[in-house]
Amino acid sequence: MIRTVQSRIPVSLGFDGQSEAVKKLRSGLEASLSNFGIHVLTGEAGSGRTRAARYLWAASAREGRFVAVIDRLSFEEAIDEKNTGCLFINEIGLVEPDLQMALLQMVQEKAESERPVLMCTSSWTPARLVQDRRLTEAFGAILASCHLTVPPARDRYEDLAALCAVWMGQGNSSVVLHQDCLAWLARQDWPGNFRQMRQLLYHACHNSPEGVVTAARLADWYRVDTVSDTASFQGLMARYLPSMLDLETDIQGTLHARVLAEVERPLFRFVLKATEGNQIRAAALLGLNRNTLRKRLQLLGIDVSGFRS
């Protein structure tokens, strides 16, 4: 049985375990504290980027608030507040250019001691963001010098026993996982990474009156009902959305932008393939202005030339 353990901190940040990937991550986090000012944490959704940012801020012991910034207005409000210690930007490559310019000016014009710490997350590396024209070269170069990658679940299956023990204990539950659960967990795809995995275990803790959760029970809860869940786009989204939401750590105001990007990317690729990369026809099919479509393609990093015959 996998029994709960007491975490060293009130809420596990998901850095438990001894895999090479998490050892490298912990080493990188510790090294980041010695040069604390600007950080970009890259990785897949649900891998723990926001948790890593919060860990860095807490471990730095700096004074001030950890403030989420989503646009130019919220940036200006945060800068005006004297108790703002850290600016957090989720998915830096998807924010508007005027906010990126304001952040770049702040970094270039103010000494580190005179401005808040800047932390960003991204699904892509700074170099890729520059290549896809979602960041300027100047801003990309700054972020590339302080870049840390948070590994996905598939690179950390060795850590499952440690992670499950901590997560199962967070709800003050006496429920335990049968040993066969680890092999089952390791076989799943987990498109939502650890966020999706935690949600399933949370569900297990609250729906197992017998006190023991088997792999068969987890599979029942995880299983897709092909009639009710995949018969419609709404059903597919209802299954996928929970993996993108983590009320414990998610910064308010960014979920809509992230979901929109996830929906738009496959939609635009599908339409571009059908129109052989013709943006005029693609925009007409989508009911969008051509300039709007071009801007969204640039923000999402979609190369139209790859669809032309």
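## Briefing: His39 and its surroundings

His39 touches Ser32, Leu56, Leu118, Met119, Cys120 and Cys146, leaving aside residues up to four places away in sequence. The model is predicted.

**His39**

- His39 sits in strand S1, which covers residues 38–42.
- The relative accessible area of His39 is 4%, so this residue counts as buried, the cut-off being under 20%.
- Between His39 and Cys146 lie 107 residues of sequence separation, yet their C-alpha atoms are 5.1 Å apart in space.
- Cys146 is also one of the residues that His39 touches.

**Cysteines**

- The number of disulfides in the model is zero, because a disulfide requires two cysteine sulfur atoms within 2.5 Å.
- Cys120 takes part in no disulfide, and its nearest cysteine sulfur belongs to Cys146, 8.0 Å away.
- Both Cys120 and Cys146 are among the contacts of His39.
- Cys120 has a relative accessible area of 0% and is therefore buried.
- Cys164 is likewise in no disulfide; the nearest cysteine sulfur to it is that of Cys181, at 7.9 Å.
- Cys164 is buried, because its relative accessibility is 0%.

**Arg195**

- Arg195 lies in helix H9, a run spanning residues 193–206.
- With a relative accessibility of 10%, Arg195 falls under the 20% cut-off and so counts as buried.
- Arg195 is 150 residues from Ala45 in sequence, while the C-alpha atoms of the two are 8.4 Å apart in space.

**The chain as a whole**

- The protein chain contains 14 helices and seven strands; strand S1 holds His39, and helix H9 holds Arg195.
- Of the 309 residues in the protein chain, 48% are buried; His39 is buried, as are Arg195, Cys120 and Cys164.
- Among contacts in the protein chain with a separation of 6 or more, 69% join residues 24 or more positions apart.
- The contact between His39 and Cys146 links residues 107 positions apart in sequence.

Note on methods: Residues are numbered from 1 along each chain as its sequence is written. This is a predicted model: local features need pLDDT of at least 70, side-chain atom pairs count only at pLDDT 80 or more; totals for chains, interfaces and linings use all residues. Side-chain values use heavy atoms; hydrogens and water are left out. Helices (H or I, at least four residues) and strands (E, at least two) are DSSP runs, numbered from the N terminus. Buried means under 20% relative accessible area, exposed over 50%, partly exposed in between (1.4 Å probe, protein chains only). Contact means heavy atoms within 4.5 Å.
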